[in-house]
Amino acid sequence: ALLVSDATFLPDNSLLLLERGYNWSSGFITQLRQLEFKGKRTVSEKILLRIASGIHNYEGISLWQDRHGLYFISLISDNNFLPAVSTELIEFKLSQSK
């Protein structure tokens, strides 16, 4: 089962959930899921990304915009003070939808 570890609203007011889970054979699993709402109801749900992230336990998400108006999502996985595990930051550029 995947559990929400963080969330942020996208420019179109949909909600982007960062979810994670653990599987004993492959390690951590990371998923980005987008929810769109109309009033109090969820009207659309899309899985944008699902990866077996192994030892990386992504737990933080950030939405930011560069000087050209492009939006990016950043995910972070810290090392939990374990010397054999690196802290990792990955970024994705959001595509422009018309």
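Which residue in β7 does S77 stand opposite? It's E88. Before we look around, note that this is a predicted model, where local features need pLDDT of at least 70, side-chain atom pairs count only at pLDDT 80 or more, and totals for chains, interfaces and linings use all residues. Residues are numbered from 1 along each chain as its sequence is written, and side-chain values use heavy atoms, with hydrogens and water left out.

Back to that pair of strands: β6 (residues 71–77) runs antiparallel to β7, and 6 bridges join them. Strands here are DSSP runs (E, at least two residues) numbered from the N terminus, and two of them pair if DSSP finds at least two bridges between them. Zoom out and you'll find an open sheet of 3 strands, ordered β5-β6-β7, with antiparallel pairing. At its edges sit β5 (60–65) and β7 (88–93), each pairing on one side only.

Now pick out S74, which is found in strand β6. S74 counts as buried because its relative accessibility is 7% (buried means under 20% relative accessible area, with a 1.4 Å probe and protein chains only). Its neighbours by contact (heavy atoms within 4.5 Å) include W64, L89 and I90, leaving aside residues up to four places away in sequence.

There's a hairpin to see as well: β3 and β4, with 2 residues between them. In its turn, G39 has a positive phi of about 65°. Strand β3 (residues 27–38) and strand β4 (residues 41–54) are antiparallel too, paired over 11 bridges. One place to check this is E36, whose bridge partner in β4 is S44.

Conventions:
Helix = DSSP H or I, 4+ residues; strand = E, 2+ residues; numbered from the N terminus. Buried < 20%, exposed > 50% of the residue type's maximum accessible area, 1.4 Å probe, protein only.
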